[in-house]
Amino acid sequence: MTRTTIPLPHLVGFTERAGTWYAEELALGDLAKEFGTPLYIYSKKALTQAYQAYDRACVDANGKRRARIHYAMKANSNLAVLDCFLQLGSGFDLVSGGELARALAIGADPQSLVFAGVGKSAKEIAQALKAGVKCINVESIAELHKINSVAKELNCRAPISIRVNPDVDAQTHPYISTGLKGNKFGIAYHEVLKTYREAALLSQIDVVGIDCHIGSQITNTSPYLNAVDKVLDLVAQLKKEGIELHHLDLGGGLGISYGTESPPDITEFTNTLLNRVAERGFGHLDIVLEPGRSLVGNAGILLTQIEYIKPGVEKNFCIVDAAMTELMRPALYEAYHGIVPVHTKAIKSATYDIVGPVCESGDWLGRDRTLAVEEGDLLAILSAGAYGFVMASNYNTRPKPAEIMVDGKNVYVIRARENTSDLFASEQVLPK
Ligand code: LLP
């Protein structure tokens, strides 16, 4: 399949009507006029529907809760997005003191927070213990001992879970695979039992759970089920040894369609996992899911304007005002995002590489796209709600774009566009 025939992903919040693209009830062209470009736009309806699909699957036919959602805020940590999920009943998965501060800023219950991450500092561990998080996910024996000593200093107990590295191939991009023994994440499968025994002897540690996350943008459920089975084998063995766990955290990772992928839908995926846990006799555990991308990925787009059309010797370039600084995924993972003109025009189409103004040949957003466009036109870069704005940078002293959220006919600025002067306001030249 050539790139030009890749279908568009199914979108809930963004639609084309009579040759014009809309975010819910608002025309993208009007939003560009009002808020400028580049511009991140999120649909509240799309966020809500994705969350509700998970939530429905987390409750059984008798209305009993089978699992809880802890949104992985690394995917998109804007306070308005977090608050939207908080209002829907979500907990959160955090990976830094900064993310903890965001969760507390929106008033999340600390008992709804799990704190993961491979290199937590003593300061971050102390912040999490003082806040009273539900659990700290341990990724190494050295970290286990650091948590114990920080808890001793604070004269408190530390609830922990051990992140298992199950050595399962998630069949995704190598940069976002995390469950193989060559990855830096988690404790090697054969060392997990030993680590639990060690943890159970430490004075300040409460062993409460077990967790696992094998990677992201996973489109096939079978590696996930392999990992679940391996983790459940450990839970059974621990039980025999008298170490009773209270929760089982299965991580995130469900992929979305950017065009060609056909991942299982949220309900089917969640049911498959939860049914497996129940069949194996562990349905009584408090089950935690940590989805990120599947909640926000297709709920956001990046709107950009064409600065120049530049015919080249080998390629034609469509130079836009967004760049790798706004959306890093193509440069970093050669990721594909659908790109559509906001207005359909009856002009001749041509094949372009869509590139930004940054001084790097890796600064591209789409390759070999056939578009009927001219200078000044707007393009919507689709499926940009996850790992878009959060991975933005100020490289080339480029201010970060604004973010807005659309709710029906209403629109809210949820992060103002940065000013150039703010970017170097905290810098100093040496005294003369
Ligand atoms: N839990 C843990 C422990 C994780 O490390 C992650 C993602 C998640 C949950 C959420 O995974 P999700 O449901 O979003 O797949 N920047 C990359 C993705 C990095 C994912 C990192 N960990 C990208 O743009 O594709």
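Residues are numbered from 1 along each chain as its sequence is written. In this predicted model, local features need pLDDT of at least 70 and side-chain atom pairs count only at pLDDT 80 or more, while totals for chains, interfaces and linings use all residues; side-chain values use heavy atoms, without hydrogens and water.

**Helix α9**

Helices are DSSP runs of H or I with at least four residues, and strands are runs of E with at least two, numbered from the N terminus. Helix α9 covers residues 266-279. Its buried residues (under 20% relative accessible area, 1.4 Å probe, protein chains only) are Ile266, Phe269, Thr270, Leu273, Leu274 and Val277. Seen down the helix axis, with directions taken to the C-beta atoms, these residues fall within an arc of 115 degrees, so they line one face of α9. Just after α9, glycine 281 has a positive phi of about 85 degrees.

**Contacts and cores**

Contact means heavy atoms within 4.5 Å. The table leaves aside neighbours within four places in sequence.

| Residue | Contacts (within 4.5 Å) |
|---|---|
| Serine 77 | Leu82, Arg102 and Val390 |
| Tyrosine 71 | Among them Asn76, Phe85, Phe92 and Leu295 |

Serine 77 lies in the loop between β5 and α3 (79-87), and counts as buried because its relative accessibility is 10%.

A nonpolar core is a set of buried Ala, Val, Leu, Ile, Met, Phe, Trp, Tyr and Cys residues joined through side-chain atoms within 4.5 Å. The largest has 102 residues, of which Tyr71, Phe92 and Ile160 touch the most other members. Its largest share, nine residues, comes from α8.

Definitions and conventions:
The expected span of a helix is 1.5 Å times one less than its number of residues. Buried means under 20% relative accessible area, exposed over 50%, partly exposed in between (1.4 Å probe, protein chains only).
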